[in-house]
Amino acid sequence: MSVVAFIAYLSLEKKYSLNTIKAYENDLNEFILFCKDTSEVINIDEVSYVMIRNWIVALVAAKIVNRTINRKIASLKAYYKFLLKTEAISVTPLAKHKALKTAKKIEIPFSEAEMNEILVAIPFSEDFEGIRDKLIIELLYATGIRRIELVNLKVVNVDLRQKTIKVLGKRNKERIVPLVASLVLLFQEYLDARSSVVSAGAKEFVFLLKSGGKIYETLVYRVINHYFGLVSSKVKKSPHILRHTFATHLLNKGADLNSVKELLGHASLASTQVYTHNSIAELKKVHLQSHPRNKN
């Protein structure tokens, strides 16, 4: 059973994104090359856990962080699970594998003060790019959508009358996300400015370059990093931190976890719960400030 069949399975049945599929493919090809170089193993049936363990040791020696190693092994696990499903093998060599320990990844959201400074105090230029950049920031913060979802947002899926957008998320799952009133006004301003740059090749997409082409993920990252660099000293300033900020601020204001889950497009509550540690910190702060038994 070839890697090609597995990749086709990820694309056609699992509906994974191209970036995710490429990551799986790279990990598997890297492991196959390692097996050929170190053990001259070509057939998947001949792979043992010892070989996998040797790969892990080699990755550690190359100073690859545990989180990345775990992701690579997760790719192998998915591959062997596929082989079991298709009855190409009867036993997976990773049956008893335990992931390497990793430090908890703490992502610090932007504060409400930082968001207010960006959206109120920072002067955006009044040309097409300035209006677009402000809309990118406001849309990410007000909806919590992913960077790739913003890049692929289509004009037909923006309904300013109903104050909603239809977002195509992971595994091609669609969800409706509401827009706040201020965002609707900014959206209309942007669409008016967009009409002067739109080209035939990218006219279906909302966010464009000033040349008329479709924007790309790296540009969105640069926009966020640039503007937040003006007001924040946080090390990480990215579109994902804005998604994190959206969820944290909603939870801090009393939104229930299930509602936030639906807005984010998560498949399970477990994915959403990673955002709750900041909300718990806020609750502790309110509790300590308000409870009569807490004496300074």
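**Loops, sheet and cores**

Author: Lys163 lies in the loop between β1 and β2. Helices (H or I, at least four residues) and strands (E, at least two) are DSSP runs, numbered from the N terminus. This is a predicted model: local features need pLDDT of at least 70, side-chain atom pairs count only at pLDDT 80 or more, and totals for chains, interfaces and linings use all residues. Residues are numbered from 1 along each chain as its sequence is written, and side-chain values use heavy atoms, with hydrogens and water left out.

Reader: What is phi of Lys163 near?

Author: Phi of Lys163 is near 60°, a positive value in a residue other than glycine.

Reader: And does Lys163 count as buried or exposed, or partly exposed?

Author: Lys163 counts as partly exposed, because its relative accessibility is 39%. Buried means under 20% relative accessible area, exposed over 50%, and partly exposed in between (1.4 Å probe, protein chains only).

Reader: Where is Glu87?

Author: Glu87 is in the loop between α4 (66-85) and α5. Its phi is positive too, near 60°, and Glu87 is not a glycine. At 71% relative accessibility, Glu87 counts as exposed.

Reader: Back to the strands. In what order do they sit in the sheet?

Author: The order is β1-β2-β3, in an open sheet of three strands with antiparallel pairing. Two strands pair if DSSP finds at least two bridges between them. β1 (158-159) and β3 (174-178) are the edge strands, each pairing on one side only.

Reader: How many bridges do β2 and β3 have?

Author: Five, in the antiparallel sense. Val167 has Arg175 in β3 as its bridge partner, and Thr164 stands opposite Pro178 in β3. The hairpin of these two strands has five residues between them, and there Arg171 takes a positive phi near 55°.

Reader: New topic. How many helices does the protein have?

Author: The protein has 13 helices, along with its three strands. It has 296 residues, of which 41% count as buried.

Reader: Which residues have the most contacts inside the largest nonpolar core?

Author: Ile137, Leu139, Ile165, Phe187 and Phe207, in a core of 45 residues. A nonpolar core is a set of buried Ala, Val, Leu, Ile, Met, Phe, Trp, Tyr and Cys residues joined through side-chain atoms within 4.5 Å. Elements that give two or more residues to this core include α6 (128-143), β2 (164-168) and α8 (181-194). The largest share, seven residues, comes from α6. Apart from this core lies another, of 29 residues, among them Ile7, Tyr9, Ile52 and Leu76.

Reader: What is Ile137 in contact with?

Author: Leaving aside neighbours within four places in sequence, the partners of Ile137 include Ile118, Phe124, Val223 and Leu242. Contact means heavy atoms within 4.5 Å.

Reader: How do α6 and α8 cross?

Author: Their axes come within 9 Å and cross at roughly 145°. Axes are lines fitted to C-alpha atoms, for helices over the stretch in contact, and angles run from 0 to 180 degrees between N-to-C directions. Among the residues making the contact are Phe128, Leu135 and Leu139 of α6 and Leu183, Phe187 and Tyr190 of α8.
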